[in-house]
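Open the model in your viewer with both chains displayed, and keep the selection panel at hand. The tour below moves from one selection to the next and says what is to be found at each stop.

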Protein chains: 2
Amino acid sequence: MPEKVRIALDAMGGDHGPAVVVSGAALALQRHPESEFLFFGNGGLVRPLVEAQQALKAASQIVHTEVAVRMDDKPSQALRYGRWKSSMWLAIEAVKNRKADVVVSGGNTGALMAMAKFELKMLPGIERPAIAALWPTLRGESIVLDLGASIGADAEHLVNLAVMGAATARILFGIKRPTVGLLNVGVEEVKGLEPVREAGRILREETFPDLDYQGFVEGDDIGRGKVDVVVTEGFAGNIALKTAEGTARQMAEYFRDAMTRSLSARIGYLFARSAMRQLRERIDPRRSNGGVFLGLNGIVIKSHGGTDAEGFAAAIELGHGVVRDELLGKITAALGRHHEYQRQALGGAAS
Amino acid sequence: MPEKVRIALDAMGGDHGPAVVVSGAALALQRHPESEFLFFGNGGLVRPLVEAQQALKAASQIVHTEVAVRMDDKPSQALRYGRWKSSMWLAIEAVKNRKADVVVSGGNTGALMAMAKFELKMLPGIERPAIAALWPTLRGESIVLDLGASIGADAEHLVNLAVMGAATARILFGIKRPTVGLLNVGVEEVKGLEPVREAGRILREETFPDLDYQGFVEGDDIGRGKVDVVVTEGFAGNIALKTAEGTARQMAEYFRDAMTRSLSARIGYLFARSAMRQLRERIDPRRSNGGVFLGLNGIVIKSHGGTDAEGFAAAIELGHGVVRDELLGKITAALGRHHEYQRQALGGAAS
């Protein structure tokens, strides 16, 4: 385990660019003084921001580049003009060349995924990366994946997601054998998509010493915290995530409405304001900002593009945590064990 | 338009059976005195409940049957023992034979769908039914479909969903040309499932005088009320719905927690309690209980199985509303116009 955690930052990523990235890094540094930062981006913009803060300046290096990936370009476009020289590419490259332990970017998700795949390559046995995130639940937090890295999934991919998700839960939650559920529909006529059923069969019947498969879960089981790891393919996962974000925002809005509607409600709010502050913090989407790209031979954290310094700091801290706990090594080992079991099972069946 | 609205009720459906169905009918009758009820179920259980309430008794007939569909049987099982004689089957049959204008059941969704398809048949040009429901939003309400009637959808099915959903919105919301969006993922690399893209192309390029296509929407646009009608296939739709329900429950729980945590929060709650009551009503899932099965030659309303009398009354009232506004006739006409346009377009292309 490295003494320092070295964090590569795509300073130009996100809707607000260097302003948010640099302030986020400063916040993260206060909480984790053993951090070191490598900023990639336009030096003329980044340097003054970094140098304005003594502690941050001492912990940072800045690598200048003029090229930045635009937020809404297609991955193929971004690769064309951004390969070798964009802030995003160079930040990922720092992980590849072992100059950094993790890269954090709030930039274009598709481009980040494409560049990360290109530079870092996939782990053995994994064909497609996945985005995993921490989902706040009534019991604490769960890991949900894939949140949109790829669309559609066969049974094998879903099983790999289960293994990678469980390894992540083991590290982030300190649980030896995390519970895992496959996201499915609750309508009785349809038992769900065929790959989901087949993945369920594999998870039920084969040996998975590192996870505890609990069967299908439905959308409302996620927030309930029914399992530590919720596995789904990227289309449904992305829609579930966005729908939950929208519903949380809607509920917060209703609540604000109710609390300002009458004089007595406003008085009530004054009495309850410390509770209200706790509530707001609890439902603050910035707290759980940051998706981990899994399946790559390197650690990439995607921050929401629209977040502020506090949210970006949360993404950096997530990266910090997974580096400190050696996520990548543990995922690689878990996948290795899984594929070894499969090999033995096939060997056994053949002999 | 019939003077009376005749409502067939599967008295044995739902987790609580006749107790909730009969009390729900009594509540709905108070609000809509022109209702008439046909109860199908075990007379020994249903009759005493109905006859205990004078007004309800005068507006009701009871048809006895001993057979009831179990909540978790597969549709094929339910059809085997429940065809011709179960309370669910007989209630649907009343609509088929024009003895009732609408059927409401809180029973097994898959069985209800299978029996309704079997008895009522599909509308011309529609191959598969869909479940549509009202979704509370920050702007009011939207219609979301399909919420799980069938898994997967080709572009043509999605376009039919758009036409049927828009016809429903026109009636329930009184909007001449409802806005329609296709649910898709927001991750840049993936532009979504091929059928969704193709349906988008058709909705953009062809003539739809009865709807205003607005393009793709994401999960968080549903609660925002960005469009009047959100179209998706049943797997993603069901997961979005359940996830939203789970998130709403989770937020309400956080809120309760915050309001009871300290003495001053409890005092605040007292001052704000009328606002709190309004808030609770606003987020009460019973208020929007009831999915409409679309695409069938008859109106079928599915209530949540676990709801109470208030929730079941909401499902009956939804049925009442769509009958009064002649939903079925208007959907059939809208589909007819759509298919006529398609026919002309094809004719034009061929000539």
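Contact, in what follows, means heavy atoms within 4.5 Å. The model on screen is predicted, and with that cut-off 66 residues of chain B are in contact with 66 residues of chain A.

Chain A has 14 helices and 11 strands. Its radius of gyration is 21 Å, close to the 20 Å that the globule rule gives for 351 residues, so chain A is as compact as a globular protein of that length.

Now bring back chain B and consider how the two copies are arranged. Chain B is superposed on chain A by a rotation of 180 degrees with 0.0 Å of shift along the axis, the RMSD being 0.0 Å. The two copies are thus related as by a two-fold rotation axis. To find where that axis passes, select Gly268(B), which of the residues of chain B comes closest to it, with its C-alpha at 1.8 Å.

Next, select the interface itself. Through which surface do the copies meet? Because 100% of the interface residues of chain B are also interface residues in chain A, the copies meet through the same surface. Between them, chain B and chain A bury about 5800 Å², of which 69% is on carbon and sulfur atoms.

For the polar side of this interface, display side chains across the boundary: the rule finds 8 residue pairs in polar contact, both residues being at pLDDT 80 or more, and it also finds 4 salt bridges between chain B and chain A. A salt bridge to pick out is that of Arg249(A) with Asp220(B), where the closest N and O atoms are 3.9 Å apart.

Then colour by secondary structure the side of chain B that touches chain A. At least two residues of that side are supplied by each of α6 (109-120), β5 (130-136), α9 (219-224), α10 (234-260), α11 (263-271) and α12 (273-282) of chain B. The largest share, 22 residues, comes from α10(B).

The structure holds 34 salt bridges over all chains, and one of them can be seen by selecting Arg47(A) and Glu51(A), whose side chains meet at 3.6 Å, N to O. Arg47(A) and Glu51(A) are separated by about one helical turn, because they are 4 residues apart in helix α2 (residues 43-51) of chain A.

The last stops concern the backbone. Most residues other than glycine have a negative phi, and most peptide bonds are trans. Select Leu145(A) and Asp146(A): the peptide bond from Leu145(A) to Asp146(A) is cis, with omega near 0 degrees, and Asp146(A) is found in the loop between β6 (141-145) and α7 (155-173) of chain A. In chain B, the peptide bond from Leu145(B) to Asp146(B) is cis, with omega near 0 degrees, and Asp146(B) lies in the loop between β6 (141-145) and α7 (155-173) of chain B.

Finish at Trp84(B), a residue other than glycine whose phi is positive, near 70 degrees. Trp84(B) has its place in the loop between α4 (75-82) and α5 (87-96) of chain B.

How values were computed: Residues are numbered from 1 along each chain as its sequence is written. Chains are lettered from A and ligands numbered from 1 in the order in which they are written. Side-chain values use heavy atoms; hydrogens and water are left out. Buried area is the accessible area (1.4 Å probe) that two parts lose on being put together, summed over both. A polar contact is a pair of N or O atoms within 3.5 Å; within protein, one must be able to donate a hydrogen and the other to accept it, and residues adjacent in sequence count only if both atoms are side-chain atoms. Copies are superposed by least squares on the C-alpha atoms of residues with pLDDT of at least 70 in both. The radius of gyration is taken over C-alpha atoms; the globule rule is 2.2 Å times the number of residues to the power 0.38.
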